[in-house]
Amino acid sequence: MASDRPDEYELTLRFKTSLSNGLIAYGSSRPNSEQPEEFFFFSLGLTDGSLHLNSNIGNSNIQNLGYDLNNTEWQSVYISINSSTITLGVSNRLQATQPISNVSPGSTAFSNTFLGGIDQNDTIGKTVTKS
């Protein structure tokens with residue numbers, strides 16, 4: 001999941017579902033001791049059968065990418081997050097890229113990634129997914 005470069009995060013996965021809404025993946029970085037206020041996350045989910053990516057890195061949101069992704073066929077998803085962009089791709093045919101700025105190096109290297117849910121002990125994740 002972590003890239004070979006310390007300032008980049010990549011995740012590639014496949015899923016199939018009949019559910020139109022749900023959490024697919026969640027990633028978070030723990031604050032470092034020098035800048036404890038820096039906590040970054042992303043969540044990837046389905047809303048009405050379309051992908052959405054939400055992150056607090058540069059207040060990034062990519063919503064409604066694809067449609068009918070809950071058709072019980074395998075879907076391929078690609079996420080790339082680095083210090084300048086967030087990219088979300090689905091099934092090798094659709095892609096959305098959003099620029100980000102003011103991100104310190106290494107802050108996009110998510111140390112925790114959960115697929116299909118989150119760690120019940122992750123209090124930040126509970127707050128994020130309940131909203």
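**Stop one: the core**

Select Phe 42, Leu 44, Leu 51, Val 77, Ile 79 and Leu 88: of the 26 residues in the largest nonpolar core, these touch the most other members. (A nonpolar core is a set of buried Ala, Val, Leu, Ile, Met, Phe, Trp, Tyr and Cys residues joined through side-chain atoms within 4.5 Å; buried means under 20% relative accessible area with a 1.4 Å probe, protein chains only.) At least two core residues come from each of β1, β2 (22–29), β3 (40–47), β4 (50–55), β5 (61–65), β6 (75–81) and β7. Strands here are DSSP E runs of at least two residues, numbered from the N terminus.

Bear in mind that this is a predicted model: local features need pLDDT of at least 70 and side-chain atom pairs 80 or more, while totals for chains, interfaces and linings use all residues. Numbering starts from 1 along each chain as its sequence is written, and side-chain values use heavy atoms, without hydrogens or water.

Now centre on Val 77. Beyond four places in sequence, its contacts (heavy atoms within 4.5 Å) include Leu 11, Phe 15, Leu 44 and Leu 88.

**Stop two: the sheet**

Colour β1-β6-β7-β8, an open antiparallel sheet in that order. Its edge strands are β1 (9–15) and β8 (94–99). Strands pair if DSSP finds at least two bridges between them; β7 (residues 85–90) and β8 share 6. One to click: Val 90, whose bridge partner in β8 is Leu 94.

**Stop three: Ser 55**

Is Ser 55 buried or exposed? It counts as buried, because its relative accessibility is 4%. Its side chain has a polar atom 2.7 Å from the backbone oxygen of Phe 41, and one 3.1 Å from the backbone nitrogen of Ile 57.

Note on methods. Helices (H or I, at least four residues) and strands (E, at least two) are DSSP runs, numbered from the N terminus. Buried means under 20% relative accessible area, exposed over 50%, partly exposed in between (1.4 Å probe, protein chains only). A polar contact is a pair of N or O atoms within 3.5 Å; within protein, one must be able to donate a hydrogen and the other to accept it, and residues adjacent in sequence count only if both atoms are side-chain atoms.
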